[in-house]
Amino acid sequence: METKEQQLTPEKPLAEDTLSGEAIMDESNVVSQEHEMAEAGGTDAAEVGVDETPYEVEALSIDDLQAQLAEQRQQTQEYLDQLQRLQADFSNYRRRMVQERSQAAERGKEELLMALLPVLGNLRLALQHADQDANAVREGVQMIWQQCEDFMRQQGVEQIATVGEPFNPALHEALTMAPATDETPANTIVAEVNAGYTLNGQLLRAAQVVVAQAKPEAAPQEVEATPTEAESAD
């Protein structure tokens, strides 16, 4: 019996040593696996880091910068030259328009004077025969007046109708008032002081006229009550 116990006792430490050896091997395997995983992870991260690096901007040399600067200066000079040409063209256009406007005014004045020359000639003839025949002078003056009317009509000038027409403040100017009658009711033009004209439908000068005005209505007078009527009212 003692021999068996002596033989069994030394087996326990062997089992513990075996278990501890296996645990050490397992731990070493785990450590080696973790180390391999860490190395693998480091390699992947490095590879990912290389892929995620931003693109580097290509550095320009001094010659390239100077070429770009020269190109910008040339473009700016072209814009400046174009602006100066436009400014010169506009100045020439404005000067030409002023000159043409002045020439047009001179031509219009010339045409007006040429149209008035016959009227001036007829007035001279009327004055020359003023002492000879009064009727002839009157006919000559009437003919001159008709020439003036025709000339004004050709220029687009029309006389404003006045006498017998309703008063229109847009065309007429009332100088005085006159009592209204059956023939000339209120707000009717009675007489013309100065003729008015329109030019191409637009007012040139308002006609100065006399306008009929209605008589103001008399205010009703109050009738005083007699003492008898006052007592009866009480």
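**Salt bridge, sheet and surface features of a predicted chain**

A search of the whole structure, which is a predicted model, finds one salt bridge. This salt bridge is formed by the side chains of Arg153 and Asp150, with an N to O distance of 3.1 Å. Both Arg153 and Asp150 belong to helix H4, where they are three residues apart, or about one turn of the helix.

Of the 234 residues in the chain, buried residues make up 11%. The chain exposes about 20100 Å², of which 55% is supplied by carbon and sulfur atoms. When the contacts between residues at least 6 apart in sequence are considered, 60% of these contacts join residues at least 24 apart.

The helical part of the chain includes helix H3, which spans residues 62-128 and contains Leu120. Leu120 takes part in a nonpolar patch on the surface, which Met114, Leu117, Leu120 and Leu123 form with about 380 Å² of accessible area together. Leu120 itself is classed as partly exposed because its relative accessibility is 44%. Asn122 is also found in helix H3, but this residue counts as buried because its relative accessibility is 16%, and the cut-off for that class is under 20%. Once the neighbours within four places in sequence are left aside, Asn122 is in contact with Met143, Ile144 and Gln147.

With a relative accessible area of 35%, Ala130 is partly exposed. The C-alpha atom of Ala130 is separated by 9.7 Å from that of Gly140, a residue 10 positions away along the chain.

The strands can be described in terms of their pairing. In general, strands of a sheet pair through backbone hydrogen bonds, in either a parallel or an antiparallel sense. In this model, an open sheet of three strands is arranged in the order E2-E6-E3, and its pairing is mixed. Strand E2 (172-179) and strand E3 (189-194) are the edge strands, each of which pairs on one side only. From one strand to the next, the twist averages 30°. Seven bridges connect E2 with strand E6 (residues 207-213), and the two strands pair in the parallel sense; within this pairing, His172 stands opposite Ala207 in E6.

A further pairing is found between strand E4 (residues 197-199) and strand E5 (residues 202-205), which run antiparallel and are joined by three bridges. Leu199 has Gln202 in E5 as its bridge partner. E4 and E5 form a hairpin with two residues between them, and Asn200 lies in the turn.

The backbone angles of two asparagine residues in loops were also examined. Most residues other than glycine have a negative phi. Asn200, however, has a positive phi near 55°, and its location is the loop between E4 and E5. Asn200 counts as exposed because its relative accessibility is 61%. A positive phi is likewise assigned to Asn187, for which the value is near 65°. Asn187 is placed in the loop between E2 and E3, and with a relative accessible area of 43% this residue is partly exposed.

Terms used. Residues are numbered from 1 along each chain as its sequence is written. This is a predicted model: local features need pLDDT of at least 70, side-chain atom pairs count only at pLDDT 80 or more; totals for chains, interfaces and linings use all residues. Side-chain values use heavy atoms; hydrogens and water are left out. Two strands pair if DSSP finds at least two bridges between them. Helices (H or I, at least four residues) and strands (E, at least two) are DSSP runs, numbered from the N terminus. Axes are lines fitted to C-alpha atoms, for helices over the stretch in contact, and angles run from 0 to 180 degrees between N-to-C directions. Patches are made of residues with over 30% relative accessible area and no salt bridge: like charges are joined within 9 Å, nonpolar side chains (Val, Leu, Ile, Met, Phe, Trp, Tyr) within 5 Å. Accessible areas come from the Shrake-Rupley method with a 1.4 Å probe; for residues, only the protein chains shown count as cover. A salt bridge is a side-chain nitrogen of Lys or Arg within 4 Å of a carboxyl oxygen of Asp or Glu. Buried means under 20% relative accessible area, exposed over 50%, partly exposed in between (1.4 Å probe, protein chains only). Contact means heavy atoms within 4.5 Å.
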